[in-house]
Amino acid sequence: MLLKMNIDDVREFLEFVLSSNVLSFGKFKTKAGRDSPYFFNTGKFSNGKLLATLAEFYAKKIINIIEDDNLRIDCLYGPAYKGIPLVSAITVTLCIHYDLNLEIAYDRKEEKTHGEGGHIVGDVSGKNVLIIDDVISAGLSSKRAIEFVREQNGNVSGILVALDRMERGESSDSENFKNTTEEIMTMTGVPVFSLADLSDLKNCGQIDSDNAKQIDLYIQKYGSYVK
């Protein structure tokens, strides 16, 4: 059985995404239209070895939050499209290495009008669902995922992302919160977990002082390191 996620795993995870160029520095535009000094590109997990390694980190964290936070999980839900391969790889890892057999579900971007029809593949009704995503920033996809699972009569146990960017949302209500993580937990009651967050990245000792400074400037403008 693999070990649970711990502080050394956080550092190892950041080493992994930096060395794989999944997390890179430069000038990037976020979904919210913000100019970001860094980018977490899940599309770089483009082969079996990289995806399997990522799934191990997620699986360790899931075991951690089940045991330490007493979270009940029956199903992993992955928002289309990036969430689909994530939940697939994670459930296989959990089954093989932890003997934990969870269900998976994901949405369709377009409604299916034949066969079983609908916007969802899988069944979340009456189940405790952990939403899996790559990052949380302004929270747009996370909020939609919570609404979608609840519309399908599922209970959202939590959200787990690879990287918490610790930004605020764009709405006027978001101004009342330090960052999106605090907003979602306060407004929906859904706990948010991450493999690493922006403060971990800043303090990991693996980025140069200029990139660390750019991260500081960005978070001062758009969010807070405090959860």
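Before you start, know that the model is predicted: local features need pLDDT of at least 70, side-chain atom pairs count only at pLDDT 80 or more, and totals for chains, interfaces and linings use all residues. Residues are numbered from 1 along each chain as its sequence is written, and side-chain values use heavy atoms, with hydrogens and water left out.

**Stop 1: helix α2**

Select residues 48-68, which form helix α2. Helix and strand names follow DSSP runs numbered from the N terminus (helices are H or I with at least four residues, strands are E with at least two). This helix has 21 residues and spans 30 Å from its first C-alpha to its last, close to the 30 Å expected at 1.5 Å a residue; the expected span is 1.5 Å times one less than the number of residues.

Now colour the buried residues of α2, among them Leu 50, Phe 57, Tyr 58, Lys 61 and Ile 65. Here buried means under 20% relative accessible area, exposed means over 50%, and partly exposed is in between (1.4 Å probe, protein chains only). What covers these residues? Show α1 (7-19), β3 (75-78), α3, β6, β7 (155-164) and β8, which are included in the cover.

Just after α2, Asn 70 has a positive phi of about 55°.

**Stop 2: helix α3 and the loops around it**

Move to Tyr 81, in the loop between β3 and α3. The peptide bond between Ala 80 and Tyr 81 is cis, with omega about 0°. Most residues other than glycine have a negative phi, and most peptide bonds are trans.

Then select residues 83-98 for helix α3, whose 16 residues reach 21 Å from first C-alpha to last, close to the 22 Å expected at 1.5 Å a residue. Its buried residues include Gly 83, Leu 86, Ile 90, Leu 94 and Tyr 98.

Is Asp 99 buried or exposed? At 71% relative accessibility, Asp 99 counts as exposed.

**Stop 3: two residues in strands**

Select Asn 128 in strand β6. Asn 128 is buried, with a relative accessible area of 12%. Draw the 2.7 Å polar contact between the side chains of Asn 128 and Asn 155. A polar contact is a pair of N or O atoms within 3.5 Å; within protein, one must be able to donate a hydrogen and the other to accept it, and residues adjacent in sequence count only if both atoms are side-chain atoms. Leaving aside neighbours within four places in sequence, Asn 128 is in contact (heavy atoms within 4.5 Å) with Arg 72, Ile 73, Asp 74, Cys 75, Asn 155 and Ser 157.

Next, pick Ser 194 in strand β8 (residues 192-197). Ser 194 is buried at 10% relative accessible area, and its side chain reaches the backbone oxygen of Ala 196 at 3.2 Å. Beyond four places in sequence, its contacts include Lys 61, Leu 160 and Lys 227.

**Stop 4**

Glu 147 sits in helix α4 and is partly exposed, with a relative accessible area of 49%. Further along, Asn 153 lies in the loop between α4 and β7. Asn 153 has a positive phi, near 65°, and at 56% relative accessibility counts as exposed.

**Stop 5: the largest pocket**

To find the largest pocket, select Lys 31, Asp 133, Asp 134, Ser 141 and Arg 144, the closest to its centre of the 34 residues that line it. On a 1 Å grid over the protein atoms alone, using a 1.4 Å probe, a pocket is an open set of points with protein on both sides within 12 Å along at least five of seven lines, and lining residues have an atom within 4 Å of a point.

Which element gives the most to this lining? Helix α4 does, with eight residues. By class, the lining of the largest pocket has 15 nonpolar, seven polar and 12 charged residues. Nonpolar covers Ala, Val, Leu, Ile, Met, Phe, Trp, Tyr, Cys and Pro; charged covers Asp, Glu, Lys and Arg; the others, Gly among them, are polar.
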